[in-house]
Every structure is written in structure tokens, then in C-alpha cells.
Amino acid sequence: MPLIMILYYVISVYLIVLLLWNFIKEKKSVNDMVLYLLVLIPLILRILRVK
Amino acid sequence: MRRIIIIKILLSAVIAAIMINGGIELYKHRHFQLPIVAGPGITKVKKLSDYCESLKGTMADTYVFFLEGKEEGGKMLIMSNTHANEPAALLAVLIFLENATVEKGTLIIIPQFNQSASRNTRPGDGYPLYFEIPTDWGSKKFRMGNRDASWLDQWPDPDVYIHYPDRQLLSFIDTRNTNRTWPGRPNGPLMERVTYAAMQIIREEKVDVAVDVHGAETMFPVTNCIVAPEKSMRIATMTTLTVKAQEKFDNHVEPSPSGFRGLSHREIGDFSDAMPFLLEAPIPFLDQPTGPKTVELLLDGKDPFLLSLSKKGKLFVPYDETGWPMDKRVGQHTSVILELMRQFSRKFPEKALQVQNVPKYAEVVKNGVGYYYHDPDESDKKSIYLN
């Protein structure tokens, strides 16, 4: 796997952590909670090397 | 507070269920293996990585089949699934692989040229993951691929793809398109390594003719045709005239543009001694203004919106209620490939190619594509290649 690809996987993991943190911290808006989870889907599928 | 926690747990469960359900389907599609039954004509099987070491162990590595004749003659390379969402190419090439015997010359066949793209899909366009071709022994299941390689195998895309070696600026997405990355390089992005390996086959095996088999939209002018550069033009023209006269289907010639780089019909000719040809058969499934992208549309090519556009003269191919069935498209490809061989052999008798047991257009339309495929369960296990 080329170095740049590894870096993109690292960025994906970082974004997943950020989104999960925001999801946990969110106390009011259910809309935002749904959005955080939806945005997580492609990132998780990517780091699991599914899609 | 407790209410929020319950909502979060419920939302997480729903999203996880959606992701797992979709993810399993996508994972299965990527790892689905197509059994190819090697026919009586196959004398040797290699892999693309034998010609480019850096492909070894990657999802882009794929089988290369050799059908060598008893007598020496010309050499033809046939590639399909350069764009893995144009399946008539693969279906036509499998007819050669499973049935052809070569009397004179050599056929070299790469059925899944862009192996990574064949394991990719386009969920946003509602592509089906699989399609099935009916046969005498049941049905043969195929992966429906995508035009470009998977991001799992080549990521990220650049902002602009700078073609090697011309440095022409191409669309970023074409960095994963094996019909823009010719002639490739051994240490470039993965798809450049795929085309480099094919160029090495052409150079090392001294290939005379290279045929890249495709499909194109009915609303795109470069459809139902042979694309050929200057050096291949005479043979392409004779081929289209002959199939029109003898087999009664249209197939015009399109000149390969010299200023548009990265295409097989341009770069193979410029970077080797081989004559390149790119074959296009119509595929209504790829047109934009159609109904849902169903398996039926993929196989029969019938669509009411295209029919309406045809009546307004907006299509570049004849189109009526019968659509463009797969058998017709595959039959066109087998006939055009056979005719290219015949015309090449007439022009260069010392490099003649003689191939038997491959059906022409009328036979494929009459019998159906599936008639020519063999049952993997009934075949010798040594002759099965999972690709």
C-alpha cells in the first residue's frame, strides 16, 4: 500500500474519532446525531476495506 | 439525559444495521469469484504480474490466457472488462476462451483486464451487483463491475490526472480508468501498472494486433464502431464493410484522435509495433436518460425513454421496441474480432491467424450467449480459473 494511501486511512480514522466524539457530546439535536452517524458510514466502510 | 441516551442507542443500532446489511452485500460482491472454464485451445496461463512485478499480490493482478496454434503465425491480444460495466465484451471474450481452438498463430486473452473495476460497483447509480446469463445447464452468474478501479485499490484520486508520459491534463477520475492510463509505467499508480503490463505483453510476445473490447451509450457518437489509428485504418475499414455486406449489421470506423492521450487505440499503436483496434457495441444501460438500471435493461437493452428519443432522431444507432439484446451485442463483437483476424491474415499472409469453433453474429443471436458456456460443475477442476 503506498504511503499516501496509508495517510488517507489515518485521516479517515481521525474523522471517525471526531464524528463519534461530536455524536457523544451532542445533547439536544437529534438531526445532528443522525447526520454524524450517516457521515460515519462511508468512512467506516472504507477503513474496513469494504467500499 | 436518559432520554438522550436511549435515542442515541436506538439511532446507533439503526445506522449499524443499515451499514452492516449494505456492507455485507458489497463485501460479497468484491470477493465473488467468476469461474472461467478453460477451453480446449488454451495452452498456457500466466498472470499480468508476470509482466510487471509490482502487480503481484494486488487486486489488479489477473489471468492472461494463451491459445497457441500448431503452426506459427500472427499474434492477437484481446482484452475485455477494460471498463467492467460494459459486460458484452467479457461475454464475447469468454466464448473465445471456452471454445476456440487455434490452428495458426497465437491468441492472448485477458478477460478481466481491469480486475479491480470488476469488483467495484456504482451504488449511487443503482447498479445491480450481479447479472445472470441463461445456459443449457442453468445460469451463469457474473459480477457487474464499474468503469473505474476501486478506491480500495487505488486511493486517493489526484485533483487532475497528469497523463504519463505526455503530461496531458485529464479528469481526476481517469487515474483509475484503464482506457486513459496507457502506455503506463511500472512504478506509477496501480492502473498505470496494469496498462504497462499489457504493453510488456505486446512488446515481449511480439503481438501484431491488439483488440480492446468495449460498449458505449446509444447517445454517444462513438458507438457501434471500430476505433482505429492511422496504421490500423485499412483493416478496420475492410472489416466494417465485410460485416455489413455479409452479416448485415452496421459497424462504422472512427479515427483515433492523435491529440487525446491515454487511450488504448492511440498509445498501443504509438508505443509498439502492434495494430490497435477498439470495438464498441451499443449498451443502452449506460445511457443517462433511461428508467431504472435493472438487470433486464442491461440484458435486453429495452427502454421507453430511449425509444422516444430514437423517434426524435437523438440516438446514434437504430433503436426500436426490440431494444439491443445482449446476444446481438456479443455476436457483433465475435464477428468483428473474427473478421479483423481474417483481414489481417489477408494483408500479412506470413502472420496469418486461423481460429476455429467461435460462433459469428447470426449463430450467437440464434443460440443465445449462454449456449457457448460450459458448466463449471461438470468440467475438469484443473480447467477452472476463478477470476
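This is a predicted model: local features need pLDDT of at least 70, side-chain atom pairs count only at pLDDT 80 or more; totals for chains, interfaces and linings use all residues.
Where in chain B does P183(B) lie?

Residues are numbered from 1 along each chain as its sequence is written, and chains are lettered from A, with ligands numbered from 1, in the order in which they are written.

Let me start with chain B as a whole, which has 10 helices and 15 strands, where helices (H or I, at least four residues) and strands (E, at least two) are DSSP runs numbered from the N terminus. Its radius of gyration is 21 Å, in agreement with the value near 21 Å for a compact globule of 387 residues; the radius is taken over C-alpha atoms, and the globule rule is 2.2 Å times the number of residues to the power 0.38. The C-alpha atoms of chain B fill a box of roughly 85 × 50 × 50 Å along the principal axes. Of its 387 residues, 51% are buried, a residue being buried if 20 or more other C-beta atoms, placed from the backbone, lie within 10 Å of its own, exposed if 12 or fewer, and partly exposed in between.

Chain A, by comparison, has 2 helices and 0 strands, and its radius of gyration of 13 Å is well over the 10 Å that the rule gives for 51 residues, so chain A is more spread out than a compact globule. In chain A, 10% of the 51 residues count as buried.

The two chains meet in a contact that takes 15 residues from chain A and 13 residues from chain B, with residues in contact if their C-beta atoms, placed from the backbone, lie within 7 Å. On the side of chain B that touches chain A, the residues divide into 10 nonpolar, 2 polar and 1 charged, where Ala, Val, Leu, Ile, Met, Phe, Trp, Tyr, Cys and Pro count as nonpolar, Asp, Glu, Lys and Arg as charged, and the others, Gly among them, as polar.

The bond from W182(B) to P183(B) is cis, with omega near 0°, and P183(B), to answer my opening question, lies in the loop between β9 and α4 (190-204) of chain B. The bond from Y164(B) to P165(B) is also cis, with omega near 5°, and P165(B) sits in the loop between β8 (161-162) and β9 (169-170) of chain B.

Finally, N81(B), in the loop between β4 (71-79) and α2 of chain B, has a positive phi of about 60° although it is not a glycine, and with 26 C-beta neighbours inside 10 Å N81(B) counts as buried. N357(B) has a positive phi near 70°, and is partly exposed, with 15 other C-beta atoms within 10 Å.
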